[in-house]
Amino acid sequence: MHTRFILLNTSHAGNVGATARAMKVMGFTDLVLVAPRWDNVLRREETIQRASGALDVLNHARIVATLDEALDGISHLCATAMTPRDFGPPTLDPRSHFAALAASHAQAPQQGVAFLFGTERIGMRNEDVYRCHTCLSIPADPNFGSLNLGAAVQVLAYEWRMALGGFAVQEAVPPSELADAAQVTGLLDHWQQALTTIGFLDPESPKKLMPRLNQLFNRAQLTQEEIHILRGVAKAMVQAASDKR
């Protein structure tokens with residue numbers, strides 16, 4: 001489902017940059033500004049700094065004069081407002097509404113959805129809210145529900161991305177390759193030699209020490225790197241015992 005973020009009459013250039021950044025980290029690129037305070041807002045230094053690298057979103061963003069121009073190709077329009085209206089579309093929490101909206105995407109993938117954000121100072125005008133199919137209200141502390149524009153965009157972009165399936169969590173480092181049976185056997189042989197050298201293992205009466213170590217290593221699911229470490233320990237034990245002689 002094509003997704004668009006629409007900012008109405010934005011007055012602070014930094015919020016445009018913050019919006020671009022919030023969109024990009026969630027994989028969205030379609031940004032439309034309706035009559036912003038600054039005609040050159042997409043090129044202002046504060047915008048670029050707050051975008052923090054999301055320059056492709058800024059480069060492809062459009063500035064239009066009216067909301068009508070921003071709605072081409074959009075079939076479902078969501079207002080964002082904390083204050084409930086006595087009249088107008090139903091006020092819903094984003095997560096439940098997005099779940100239903102994403103489910104409908106499978107039936108009508110050609111649909112477009114847009115999220116509409118009002119001005120920083122007064123939010124959305126009633127006449128703009130009335131044009132929307134739903135009004136989204138981010139569940140927040142009722143005693144302090146004030147979110148700046150960039151933060152509100154980030155919350156909704158995240159919730160919508162999760163409803164669409166989300167992104168896989170990227171591991172900080174690639175997973176280590178597990179040691180194979182031959183490497184574990186080599187480790188056991190090395191440790192048997194080291195434990196015998198330091199007098200911990202009596203080869204004439206080994207009892208069940210080595211089988212138990214074998215089970216311990218198997219349960220640990222040692223990686224190849226860990227095999228190298230443990231063999232280094234065994235080597236150091238043998239060397240230390242030799243130095244004392």
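Q: Which helices do the buried residues of helix 8 pack against?
A: They pack against helix 9 (209-220) and helix 10 (224-243), where contact means heavy atoms within 4.5 Å. This is a predicted model, in which local features need pLDDT of at least 70, side-chain atom pairs count only at pLDDT 80 or more, and totals for chains, interfaces and linings use all residues. Residues are numbered from 1 along each chain as its sequence is written, and side-chain values use heavy atoms, with hydrogens and water left out.

Q: What makes residues of helix 8 count as buried?
A: Buried means under 20% relative accessible area (1.4 Å probe, protein chains only). Among the residues of helix 8 in that class are Val184, His190 and Trp191.

Q: How do you know what span is expected for helix 8?
A: The expected span is 1.5 Å times one less than the number of residues. Helix 8 (residues 181-197) has 17 residues, and its 24 Å from first C-alpha to last is close to the 24 Å expected.

Q: What makes Asp180 a cap for helix 8?
A: A side-chain oxygen of Asp180 lies 3.2 Å from the backbone nitrogen of Ala182, at the N-terminal end of the helix.

Q: Why are strand 1 and strand 2 said to pair?
A: Pairing requires at least two bridges found by DSSP. Strand 1 (residues 2-8) and strand 2 (residues 30-34) have five, in the parallel sense, and the bridge partner of Arg4 is Asp30.

Notes. Helix = DSSP H or I, 4+ residues; strand = E, 2+ residues; numbered from the N terminus. Buried < 20%, exposed > 50% of the residue type's maximum accessible area, 1.4 Å probe, protein only. Polar contact = N/O pair within 3.5 Å; in protein donor to acceptor, adjacent residues only side chain to side chain.
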